[in-house]
Amino acid sequence: MSKDAVDTAKAASRTDAARTPADAGDAGYSKDLKARHVNMIAIGGAIGTGLFLGAGGRLHTAGPALAIAYLVCGVFAFFVVRALGELVLYRPSSGSFVSYAREFLGEKGAYVAGWMYFLNWSTTGIADITAIALYTHYWSFFTDIPQWVLALIALAVVLAVNLISVKIFGEMEFWFAIVKVATLVSFMLVGIFLLATHHDVGGQKPGLSVITDHGGLLPHGIMPVVLVMQGVIFAYAALELVGVAAGETAEPEKVVPRAVNSIMWRVGLFYVGSVVLLALLLPGSVYSADESPFVTVLSKIGVQGAGDVMNLVVLTAAMSSLNSGLYSTGRILRSMAMAGSAPRFTAKMNRSQVPYGGILLTCAVCVLGVGLNYLMPSQAFEIVLNVASLGIISTWVIIMVCHLVFVRRAKEGLVTRPSFRLPGSPVTEIVTIAFLLAVLGLMGNDPEVGRKTLLLIPVIAALLVGGWFAIRHRVSKTTDQELSELTK
């Protein structure tokens, strides 16, 4: 059955959209996520270990210009989420961009989008449970417990939360986000006080002189700033969760625009503002990849227990990321399973209307991560982090390509664009795609990790092609069944 025939059938039946979900994977969900949940999911997606922990090493490498890198990547991240927000208002779906890829790019596009996103979150999940185990070892009480045991316990706890109900997931994310925001606001107030009073920080007065006396904005040149872009992009991963969560909220047309628009000022305030403050308080050379930059500052002014508090916050951020990963992949895999491009069991839901099949599959991959923690505890984090970066960049590119096709069809009169729109289309999408591909290409300049990660691309491509040939007949059969239902 041709894709055009399917599109025609869908267009002809659009009057039934209010009664029947446009995507079979959207049926059966509760609408228990409230506006405060979605707003905090948006915040939680914008604040994570990439800032709390990763900013220290990046400041050491790139210097104060890291703030510019965060700003540039933040603008493009906002474009991606704004494009996704427009698609959500056109048609809310728990399948999110996979559902839109199916509509605008065909089943092959949905297949690639879904499995690359699964790759992103399943490997991120491994990174998260590794991070949780490492952060827990900070306290002497847990030192004697093997890293893999702590990783397994963390996975079991978050799995239980996800399987109970979407409302419990929303509440957990809400409070995780509250902890992260409260910590950042508190630190920024302390930092502003230190600047305003010229309080001694590590033996010197804070201010612009900290930057000008230590090499300026680019103490090591422009290339280190360019090379950290990959890590900065990964720090913004999870912003697209807003699109998935919209499928389980009662009023997406009210909730989504507010959540999406707020992302921009949050990025400016929390990421860029925090990095600027850090650069004004201490030279970049003082910060380290082994310690949260916030702990570095607080320890320099003699704050007792700063390490314990920040370790707890970073632990919270990692738990939040793992929680979000299980949530989103469960919904994405269900959307794919209903179309035939994921294992059938991932379409199953429990009595609480939670797609437990997909969540359990993601957990199974994370269990492999527990094994990785057992075999290579010191290397587990770096290995999976770079694989995950391939998944998030491909996901964002697919979202922008979907939006390009959506706008083109709107101009042809086949669909109607909502009033909430991505500005500057199609230039915005094209520039964003070019930027993301450039970041991917620049990974080749990093011989230690980046080049090895790029070598995985042909391997992943081969697996995707092989997988498609294995399931294409099932996908075709499912599409034909959907078409017959639409034209009855």
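This is a predicted model: local features need pLDDT of at least 70, side-chain atom pairs count only at pLDDT 80 or more; totals for chains, interfaces and linings use all residues.

Reader: Why is the pair of Arg91 and Glu103 called a salt bridge?

Author: The cut-off is 4 Å between a side-chain nitrogen of Lys or Arg and a carboxyl oxygen of Asp or Glu. In Arg91 and Glu103 the closest N and O atoms are 2.9 Å apart. Therefore the pair falls within the 4 Å limit. Arg91 sits in the loop between H5 and helix H6, Glu103 in helix H6, twelve residues apart.

Reader: Why is Arg91 called buried?

Author: Its relative accessible area is 10%. The limit is under 20%, so Arg91 is buried.

Reader: What makes Glu86 and Arg417 a salt bridge?

Author: Their closest N and O atoms are 2.5 Å apart. That is within 4 Å, so the name applies. Glu86 lies in helix H5 and Arg417 in the loop between helix H18 and H19, so the pair ties together parts 331 residues apart in sequence. Both residues are buried.

Reader: Why do the side chains of Glu107 and Arg102 count as a salt bridge?

Author: The N to O distance is 3.2 Å. The limit is 4 Å, so the pair qualifies. Glu107 has a relative accessible area of 15%, and Arg102 has 8%.

Reader: How many salt bridges does the structure hold?

Author: Three.

Definitions and conventions
Residues are numbered from 1 along each chain as its sequence is written. Side-chain values use heavy atoms; hydrogens and water are left out. Helices (H or I, at least four residues) and strands (E, at least two) are DSSP runs, numbered from the N terminus. Buried means under 20% relative accessible area, exposed over 50%, partly exposed in between (1.4 Å probe, protein chains only).
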